[in-house]
Amino acid sequence: MNTAPRALQQPAQTDDQTRIYLIEDDPAIQQFVRQALLSRPQWQLAGVSVSRRHALEHALHASANVFLVDLGLPDGRGEDLLHWLAVEHPDAELLVFTVFGDESRLVAALQAGATGYVLKGCTPDELVTAIEQIRAGGAPISPLLARMLLRQFRWVQDAPIAAQELQEVLLSDRETEVLRLVAQGYVNKEIAQRLFISPATVGSHIKNLYRKLAVHSRVQVVRAAQERGLL
């Protein structure tokens, strides 16, 4: 009879599970996030990084689908890290959690690939709600910051890019299908279900769209496609 101890089996992960990777150097904020997540015991904190360098070394292979990112890291700007995460984890949602409420940091973070922006000082329930919204395909941004964003991009209506300045972009039929669904606000899992392909394949198509259109976020890819008449 085999009396060797049986290895513990880890529960299988699914796309429906919320797995969060926190990038934050302040121990007090780390504890705040941990306490907030206690209200959702089915969620998993997949990892914590306290610096940009640590995140670059450890977040690449993290099994997270939400990255909670501080912009004020001790060894660099969080916007640079968002740009990297958007490329390396195209299926994940990037939620900024920061003290910076100025327009320039908001716009820079969204351009770098953030899909939501929450200010520190919120309640635990507000943070949890923002994570739920972003996992459901929403883009949680406070009303004040949303008004800043609208002012920033209003100039697009008055100063469209000349057609001759745009490089021709050729998309495959599948890339075009994915692009149209992204523009309609569907998340990767929903796109996969509609096109009968895997979420990983959707992620690959989105990476190709980012590369071909020279952008780094869903907001940018839709805007670039509209400017080129691809939508």
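Which residue does UniProt list for "modified residue: 4-aspartylphosphate"? The unreviewed entry names Asp70, and the views below, all taken from a predicted model, start with the whole chain and come to that residue in the third legend.

Figure 1. Of the 231 residues of the chain, 41% count as buried. Among contacts in the chain with a separation of 6 or more, 68% are accounted for by residues 24 or more positions apart.

**Figure 2. Five strands form an open sheet with parallel pairing.** Reading across the sheet, you will meet the strands in the order β2-β1-β3-β6-β7. The edges are held by β2 (44–49) and β7 (116–119); each has a single partner strand, so one side of each is left without a neighbour in the sheet. From one strand to the next, the twist averages 20 degrees. Helix α1 (residues 27–37) packs on this sheet and touches β1, β2, β3 and β6. The direction of α1 makes about 175 degrees with that of β2.

**Figure 3. Asp70 sits in the loop between β3 and β4 (72–73).** This is the residue that UniProt, in an unreviewed entry, lists as "modified residue: 4-aspartylphosphate". Is Asp70 buried or exposed? Its relative accessible area is 4%, which is under 20%, so Asp70 counts as buried. Leaving aside residues up to four places away in sequence, Asp70 touches Ile23, Glu24, Asp25, Gly78, Phe97, Thr98 and Lys120.

**Figure 4. Strand β3 (residues 66–69) is covered on both faces.** Val66 and Leu68 are buried on one side, and Phe67 and Val69 are buried on the other. Strand β1 (residues 19–23) pairs with β3 in the parallel sense over four bridges. Within that pairing, Tyr21 stands opposite Phe67, and Ile23 stands opposite Val69. Strand β6 (residues 93–98) also runs parallel to β3, and four bridges join the two. Here Val69 has Val96 of β6 as its bridge partner.

**Figure 5. Helices α8 (residues 173–183) and α10 (residues 199–213) cross at an angle of about 90 degrees.** Their axes are 10 Å apart. The angle falls in the range from 65 to 115 degrees, which makes α8 roughly perpendicular to α10. On the α8 side, the contact is made by Arg174, Glu175, Val178, Leu179 and Val182. On the α10 side, look for Val202, His205, Ile206, Asn208, Leu209 and Lys212. The residues of this contact divide into six nonpolar, two polar and three charged.

**Figure 6. Helix α8 has buried residues covered by several helices, including α9 (188–195), α10 and α11 (218–227).** Which residues of α8 are buried? They are Glu175, Thr176, Val178, Leu179, Leu181 and Val182. As a reminder when following their spacing, an α-helix has 3.6 residues a turn, so residues three or four places apart point the same way. After α8 comes Gly185, with a positive phi near 95 degrees.

**Figure 7. Trp84 belongs to helix α3 (residues 78–88).** Not counting residues up to four places away in sequence, Trp84 touches Ala55, Leu56, Ala59 and Leu60. The C-alpha atoms of Trp84 and His216 are 8.9 Å apart in space, while the two residues are 132 residues apart in sequence.

**Figure 8. Ile141 lies in the loop between α5 (124–135) and α6 (143–153).** With 24% relative accessibility, Ile141 counts as partly exposed. A separation of 5.8 Å is found between the C-alpha atoms of Ile141 and Gly116, which are 25 residues apart along the chain.

**Figure 9. Phe196 and Ala214 have positive phi values.** Most residues other than glycine have a negative phi. Phe196, in the loop between α9 and α10, has a phi of about 60 degrees. Ala214, in the loop between α10 and α11, has a phi near 55 degrees. Phe196 is exposed, with a relative accessible area of 76%, and Ala214 is exposed at 62% relative accessibility.

Methods: Residues are numbered from 1 along each chain as its sequence is written. This is a predicted model: local features need pLDDT of at least 70, side-chain atom pairs count only at pLDDT 80 or more; totals for chains, interfaces and linings use all residues. Side-chain values use heavy atoms; hydrogens and water are left out. Buried means under 20% relative accessible area, exposed over 50%, partly exposed in between (1.4 Å probe, protein chains only). Two strands pair if DSSP finds at least two bridges between them. Axes are lines fitted to C-alpha atoms, for helices over the stretch in contact, and angles run from 0 to 180 degrees between N-to-C directions. Angles under 35 degrees count as roughly parallel, over 145 as roughly antiparallel, 65 to 115 as roughly perpendicular and the rest as oblique. Contact means heavy atoms within 4.5 Å. Ala, Val, Leu, Ile, Met, Phe, Trp, Tyr, Cys and Pro count as nonpolar, Asp, Glu, Lys and Arg as charged, and the others, Gly among them, as polar. UniProt positions are given in the numbering used here, feature names are shortened, and annotations may be inferred rather than shown by experiment.
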